[in-house]
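Dear colleague,

I am handing over the structure we spoke about, and my notes on what was found in it follow below.

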Amino acid sequence: MMWNGHFSTLPRYVGVSLSVLILAGCAVGPDFHRPAAPVTAYVQGGLPKSSGGRAGSQSAQDGDQVFQPGADIPADWWRLFHYPELDQLLKRVLTRNPSLEAAKQSLYAAQQDKLASESALYPSVSGYFNPARFKTSRAYSNVPMANSWLYNMHTAQLNISYSPDLWGGVRRQVEAAAAEREAQKYQLEAAWLTLTSSAVDAAISYAMVREEIAVTNVLIDQQERVLHSMEMQQKLGDVSMADLAQQQTLLAQTRATLPTLRQTLDALHDEIAALANDPPDQPTPEFELARFTLPAELPVSLPAQLINQRPDIKTAEAYYHVACAHVGVAIANRLPNVQLGFSPGFAAASIAQMAAPGFGQWELAAMLSQPLFDGFELQHQETGARRRYDEAAAQYRSTITTAVEDVADSLNAVHNDSEMLIQTENAAQAATRSASISQAQLRLGDVSRVAMLNAQQAELQAKLALAQAQGARLSDTVGLFQSLGGGWWNRVDDPANQRKAGGRKRSSQKG
């Protein structure tokens with residue numbers, strides 16, 4: 001290589017190049033460090049134990065639940081309910097829901113944005129070929145063209161430019177783009193978790209409302225029979241008009257609950273169809289509360305584990321990282337910048353001459369630029385980037401606080417509704433025994449038919465409350481799985497998740 005025709009300048013050129021490369025190895029701005037895990041703990045106790053068997057036909061939900069601190073969550077956690085139709089519904093939701101597909105496309109776009117940002121780390125090369133024909137005025141001397149006033153000129157040239165990343169601004173921009181991609185990935189996981197939780201919860205609610213409608217219809221039938229008996233007794237003078245009117249009011253009030261329940265059932269049908277991207281006339285599986293199995297073991301992740309499990313926390317962490325990288329970008333924009341350029345090419349009267357010696361040309365240049373005054377725009381941009389960095393840190397801490405509160409609320413709901421379910425079961429068992437005793441007394445003539453029917457109404461009311469309590473208990477379990485992150489890290493459809501799942505399992509075993 002020769003520089004300005006002298007080899008003596010080569011060491012100086014090499015030294016300058018090495019200096020540029022050394023400078024390019026640094027990156028201004030703060031380096032992102034993952035925040036420490038929270039040290040808080042949940043306030044929780046054990047779950048209450050049931051005193052005996054369950055009333056009615058709810059045998060699939062017999063048994064007690066226990067908390068398992070540190071236990072892992074399967075990706076398809078809904079299979080713990082052991083309901084094949086529910087598994088099929090979730091399969092349709094995860095393969096057909098358009099919002100999940102939109103989140104996937106957003107992730108793909110973020111990946112391309114990250115790859116596009118990396119292009120600034122490499123030289124830019126462009127080429128052009130310009131054939132042209134000229135006519136020169138005779139007023140000009142035409143020595144180069146040998147007095148030919150009409151001539152052709154073919155120019156072919158490469159433009160090679162490169163800006164060394166002296167201060168790491170480009171690398172910070174790539175870092176920000178990579179963090180943006182991570183944020184989109186965890187938003188996809190959040191959409192996956194929301195869809196699965198919503199579908200399971202809708203199926204449970206659908207089964208609960210169906211049970212309520214069935215019990216209400218039987219209750220209406222019982223109240224009509226009581227009313228008929230009271231009407232007969234009123235004609236005989238054994239029942240007053242006030243008592244008869246009270247029973248008529250009770251019957252009307254019970255009937256009035258049916259339209260609301262049917263409307264709720266229709267709304268749940270439409271919600272399930274929308275989640276699975278089915279037409280509204282698609283029949284909904286006839287979910288039944290008795291067929292849901294209550295998971296016996298409930299995982300309880302420690303607060304320190306939530307930062308790896310909750311998609312909202314991972315998203316907040318990614319945006320925290322983005323804000324950190326943007327500070328470095330803003331600082332680098334205020335520092336000097338070097339632009340290197342090299343333009344080799346050919347210029348000849350014909351294409352054939354381009355292969356001949358003497359028609360080549362090149363230009364080698366370097367430019368140093370430094371912002372001097374821009375109305376303090378770059379300074380304000382740096383200050384704004386630092387403030388957004390502080391904002392992202394506060395948002396990250398707030399997200400962790402909300403997540404811990406969400407898990408604590410889910411644990412409390414499971415505990416309190418477990419106790420409520422036990423008491424409701426006891427009430428249902430007592431009402432069933434009372435109705436059986438009344439039927440036996442009626443056969444012996446010890447009670448009136450109206451008293452026996454009233455006892456059966458009380459039994460149906462208790463069963464109605466039991467259905468609601470069982471639905472709440474199942475929904476609480478869904479809420480706990482959702483608040484803990486839903487096990488997305490154990491999904492096998494993403495190799496990255498498989499690697500993370502292996503690391504998480506090993507860390508759980510160490511814990």
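In this predicted model, Leu86, Leu89, Leu90, Val93 and Leu94 of α2 meet Trp192, Leu195, Thr196, Ala199, Val200 and Ala203 of α4, where contact means heavy atoms within 4.5 Å and helices are DSSP runs (H or I, at least four residues) numbered from the N terminus. By class, this contact of α2 with α4 has ten nonpolar, one polar and no charged residues, with Ala, Val, Leu, Ile, Met, Phe, Trp, Tyr, Cys and Pro counted as nonpolar, Asp, Glu, Lys and Arg as charged, and the others, Gly among them, as polar.

Turning to salt bridges (a side-chain nitrogen of Lys or Arg within 4 Å of a carboxyl oxygen of Asp or Glu), the count comes to 21. One of them joins Arg491 to Glu189, with the closest N and O atoms 2.5 Å apart; Arg491 lies in the loop between α9 (449-483) and α10 (495-510) and Glu189 in helix α4, so the pair ties together parts that are 302 residues apart in sequence. Both Arg491 and Glu189 are buried, that is, under 20% relative accessible area, whereas exposed means over 50% and partly exposed in between (1.4 Å probe, protein chains only). Asp31, Arg172 and Glu175 are linked in a network of salt bridges.

Helix α7 is mostly covered, since 18 of its 22 residues are buried.

Residues are numbered from 1 along each chain as its sequence is written, and side-chain values use heavy atoms, leaving out hydrogens and water. As the model is predicted, local features need pLDDT of at least 70 and side-chain atom pairs count only at pLDDT 80 or more, while totals for chains, interfaces and linings use all residues.

Best regards

Methods
Helix = DSSP H or I, 4+ residues; strand = E, 2+ residues; numbered from the N terminus.
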